[in-house]
Amino acid sequence: MTLHFLIHQTICGAIAAAGFGVLFNVGFRSLPWCAASGALALAVRTYCLGLGWNLEGASFAAALTVGAAVQVLRARTKISQNALDVVGCIPMVPGSFAAKAILSLFALTSVETVNATETLVTAMQYTLRVMFTIGAIGTGLAIPTLLLRVRVTR
Amino acid sequence: MDNSNPEDNGSAPELEPMAMVTLDAGRMLMEAGASATSINEIVNKVAHGLGAERVDLRIGYASMAITVGIGHAGITRMRRVGHLGVNQQLDLELRCLADRVADGQLTTEQTRSELTRIATTTPRHSAWVMAVAVGLACAAFGRLLGVDWLGTGPVFLAATIGQFARRELLTRHVNVFIAATLVAFLSSLLAGLGARWLGCTTLTTAMIASILLLVPGVPSVNAQSDILDGHPTLGSARSVSVAVTLIFVAAGLWLSQVLFANWH
């Protein structure tokens, strides 16, 4: 992994998160926080992937980092912490895998199915990757919040 | 009989407006994309701020029910929840309102007026700004997925047009799933045609990148956090909704790919 690639992924993560921030009606003043959240997520994920981690593990580490950072910065941002960490992790949601998984399942049911076993395995692989990656993101985001809630309750 | 539980007899006249105003705040939060824990926290804050001594909230995917009690009196009311979107400015306004209510600054009637004001005056980004932002986001997604630079422009344009089309369809009350299929078809076809015309080598990925505006990211993350926070019913309902949305989106993509393959 080169530094150029890391910067490229970080910038794209920031643009994607800020773009989705606008879609979610985040105010203009809070958009830089969304961009920073997305940039952090993609930087950590890309770095971890560069270390040879799988996508699920890298996504978990990135979500955990974003969740922790949002907890630390929540007093400074005029945006709900729930929104900020979710918007930051949106660029990591495996939408393309989900689309490919469903398309593979569609292909299985066509009249002239070619390499049915291979197609089924591909569909399952994509489906499992979607499930595990979404699970990793959700768990990574939830852990800092749950830990903080325990501390506050005590 | 356990006297700590409110009786559902509605004997205290102030409970009715209190329950309905509190439910309205919860409904608006739900429709603005908040997670169950956030809704529960804010609804409790509002209800206690208005004078309730006990609050029990049930959050469903399409409805919410609340029991509020003062002394031995109690009342249970339910409200329908509308289309679940994501609106952060509305969410933020509601949280600020809840803080004011919790500080005892507002009566039940004033809170109701404030809720009406927030619902009608909270600003939204213009259609143009939103469409261009979504186009940029999808183009960035495309780069993250490996779309080459030649394909990035068509992805941007297709997603921008797709967002416009989605807004128009939803304004005309077209079913959200049908709208997802139509927008996925339109965006992926436009991205595919544009990318091929420009000589892009990552055609399929460009077509997929252009429909990523339709992936329900917030509901999918909320679904899991709801389950982790002890709301498995709501979390499961959100998951099913996410899965069905993805199937309809994939159907639109599949249609455009079939058309595209036959065309060439």
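Predicted model: local features only at pLDDT ≥ 70, side-chain atom pairs only at ≥ 80, totals over all residues.
Read along the sequence, chain A follows the pattern α-α-α-α-α-α, with six helices and zero strands in its secondary structure.

**Overall layout**

- The C-alpha trace of chain A spans about 60 × 40 × 35 Å along its principal axes.
- For chain B, the corresponding spans of the C-alpha trace are about 75 × 35 × 30 Å.
- Starting at the N terminus, chain B runs through its elements in the order β-α-α-β-β-β-α-α-α-α-α-α-α-α.

**Two domains in chain B**

- Chain B is split into domain 1, covering 7–121, and domain 2, covering 127–263.
- Between the C-alpha centres of these two domains of chain B there are 34 Å.
- Where the domains touch, domain 1 of chain B gives nine residues and domain 2 of chain B gives ten residues.
- On the domain 1 side of that contact in chain B, the classes are five nonpolar, four polar and no charged residues.

**Where chain B meets chain A**

- The contact between the chains draws 40 residues from chain B and 34 residues from chain A.
- Four helices of chain B, namely α3 (88–102), α5, α9 (217–228) and α10 (232–263), each supply at least two residues of the side that touches chain A.
- The largest share of that side of chain B comes from α5(B), with eleven residues.
- Sorted by class, the side of chain B that touches chain A holds 26 nonpolar, ten polar and four charged residues.

**Strands and hairpins of chain B**

- Strand β2 (residues 54–59) of chain B pairs with strand β3 (residues 63–70) of chain B in the antiparallel sense, over six bridges.
- Within that pairing, B:R58 has B:A65 of β3(B) as its bridge partner.
- The link from β2(B) to β3(B) is a hairpin through three residues.
- β3(B) also pairs with strand β4 (residues 73–80) of chain B, again in the antiparallel sense, over eight bridges.
- Here B:S63 has its bridge partner, B:R80, in β4(B).
- The hairpin of β3(B) and β4(B) has two residues between the strands, and B:G71 takes a positive phi near 60° in it.

**Helix packing: α1(B) with α3(B)**

- Helix α1 (residues 15–31) of chain B and α3(B) have axes that come within 9 Å and cross at roughly 150°.
- With an angle over 145 degrees, α1(B) and α3(B) are therefore roughly antiparallel to each other.
- The crossing in which α1(B) passes α3(B) is left-handed.
- α1(B) contributes B:A25, B:M28 and B:L29 to the contact, while α3(B) contributes B:L90, B:D91, B:L94 and B:A98.
- The classes in this contact of α1(B) with α3(B) are six nonpolar, no polar and one charged.

**Helix packing: α5(B) with α6(B)**

- Helix α5 (residues 127–145) of chain B packs against helix α6 (residues 149–171) of chain B at an angle of about 140°, and their axes are 7 Å apart.
- That angle makes α5(B) oblique to α6(B).
- α5(B) passes α6(B) in a right-handed crossing.
- On the α5(B) side, the contact residues include B:A127, B:M130, B:V134, B:L136 and B:R143.
- On the α6(B) side, they include B:G151, B:V155, B:F156, B:F164 and B:R167.
- By class, this contact of α5(B) with α6(B) has 13 nonpolar, six polar and two charged residues.

**Helix packing: α6(B) with α7(B)**

- α6(B) also packs with helix α7 (residues 176–198) of chain B, at an angle of about 155° and with 8 Å between the axes.
- α6(B) and α7(B) are therefore roughly antiparallel to each other, as the cut-off for that term is an angle over 145 degrees.
- Their crossing, that of α6(B) and α7(B), is right-handed.
- The contact of α6(B) with α7(B) divides into 18 nonpolar, four polar and one charged residues.

Note on methods: Residues numbered from 1 in each chain as written. Chains lettered and ligands numbered in written order. Axes fitted to C-alpha atoms, helices over the stretch in contact; angles between N-to-C directions. Parallel < 35°, antiparallel > 145°, perpendicular 65-115°, else oblique. Left-handed = near helix turned anticlockwise from the far one by under 90°. Contact = placed C-beta atoms within 7 Å. Nonpolar A, V, L, I, M, F, W, Y, C, P; charged D, E, K, R; others polar. Domains from an automatic or database assignment. Pairing = 2+ DSSP bridges.
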